[in-house]
Amino acid sequence: MTSFDDLLSNVPVAQIAEQLGVDEATAKTAIDAAVPVLLGGFQAQAGNPEVGLNLENEVANQPLGLLDGGVDINQVDVSNGSQIVDQTFGAEKNTVISALGNVGGSNISQDLMSKLLPMLAPIVLAYLGKKMLGGGAAAQPSAAGGGGIGDILGSLLGGATGGQGGGGLADVLGKAMGQNAGGVLGSVLGGLLGKK
């Protein structure tokens, strides 16, 4: 199992489907598309706290034990997740949500994605914290060391491509969402990466 698959296994698909009022297949399609986009956004921010999101602090602020024994969606701080999404994508947030809303046909809407991203952001950050400490419980910003969090994000995004390497972030997004939405998101995230 790649780290990316391991991350996805921590996402409570059935609970999220219930919260969003959709079936599990729709929720899974949306989650599978949204997680690489969040990872890409976090990678864009990883070495650049001045842009808005201090990624290491946000990782450290996630509740201890969120991932222990399976995530309970009711323990996820969605309002904090919403702030994280705002800080990650900034002025491009609506473009990201719009592109994600074009995934998987008519069952997935922009409204669904705008509710889903804040649920997923704290789970993904808690997972990053766990990885930063080698699977331990508490995340401390200093544990990241030099490029620690960036390296973890890179390996997760590599896992999202199935370990094939290839075209980097745009390739990940294209595979996750179909080429049209992937191209839009690749451009947005490429712009965020360019702000370093």
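The chain has 10 helices and zero strands. Read along the sequence, the pattern is α-α-α-α-α-α-α-α-α-α.

A word on the source. This is a predicted model, where local features need pLDDT of at least 70, side-chain atom pairs count only at pLDDT 80 or more, and totals for chains, interfaces and linings use all residues. Residues are numbered from 1 along each chain as its sequence is written, and side-chain values use heavy atoms, with hydrogens and water left out.

Now the chain as a whole. There are 196 residues, and 46% of them count as buried. Buried means under 20% relative accessible area, exposed means over 50%, and partly exposed is in between, with a 1.4 Å probe and protein chains only. Next, contacts, meaning heavy atoms within 4.5 Å. Take those between residues at least 6 apart in sequence: 75% of them join residues at least 24 apart.

On to helix H3. It covers residues 24-46, which is 23 residues. From first C-alpha to last, H3 reaches 31 Å, close to the 33 Å expected at 1.5 Å a residue. That expected span is 1.5 Å times one less than the number of residues. Look at the start of H3. A side-chain oxygen of Asp23 comes to within 3.1 Å of the backbone nitrogen of Ala25.

H3 also meets helix H2, residues 13-20. Their axes come within 8 Å and cross at roughly 105°. That makes H2 roughly perpendicular to H3. The cut-offs: under 35 degrees is roughly parallel, over 145 roughly antiparallel, 65 to 115 roughly perpendicular, and the rest oblique. The axes are lines fitted to C-alpha atoms, for helices over the stretch in contact, and the angles run from 0 to 180 degrees between N-to-C directions. Which residues make the contact between H2 and H3? From H2, they are Val13, Ala14, Ile16 and Ala17. From H3, they are Glu24, Ala27, Lys28 and Ile31.

How many salt bridges does a search of the whole structure find? Three. A salt bridge here is a side-chain nitrogen of Lys or Arg within 4 Å of a carboxyl oxygen of Asp or Glu.

One of them joins Lys28 and Asp32, at 3.0 Å, N to O. Both lie in H3, four residues apart, about one turn of the helix. An α-helix has 3.6 residues a turn, so residues three or four places apart point the same way. Lys28 is partly exposed at 40% relative accessibility. Asp32 is partly exposed too, at 27%.

Another pairs Lys115 with Asp111, at 3.2 Å, N to O. These two sit in helix H7, residues 110-132, again four residues apart, about one turn. Lys115 is partly exposed at 44%. Asp111 is partly exposed, with a relative accessible area of 44%.

Then there is Asp86 with Lys93, at 2.7 Å, N to O. Asp86 is partly exposed at 35%, and Lys93 is partly exposed at 23%.

Now go to Gln62. Where is it placed? Gln62 is in the loop between helix H4 (55-61) and helix H5 (78-89). Is Gln62 buried or exposed? It is buried, because its relative accessible area is 7%.

The side chain of Gln62 has polar partners. A polar contact is a pair of N or O atoms within 3.5 Å; within protein, one must be able to donate a hydrogen and the other to accept it, and residues adjacent in sequence count only if both atoms are side-chain atoms. The Gln62 side chain reaches the backbone oxygen of Glu58 at 3.0 Å. It also makes a polar contact with the side chain of Asn80, at 3.3 Å.

Asn80 lies in helix H5. It is buried, at 16% relative accessible area. Beyond four places in sequence, Asn80 touches Glu58 and Gln62.

Last stop, Leu125. It lies in helix H7 and is buried, with a relative accessible area of 0%. Leu125 and Val59 are 66 residues apart in sequence, yet 5.1 Å apart in space, C-alpha to C-alpha. Neighbours within four places aside, the contacts of Leu125 are Phe42, Leu55, Glu58, Val59, Gln62 and Ile84.
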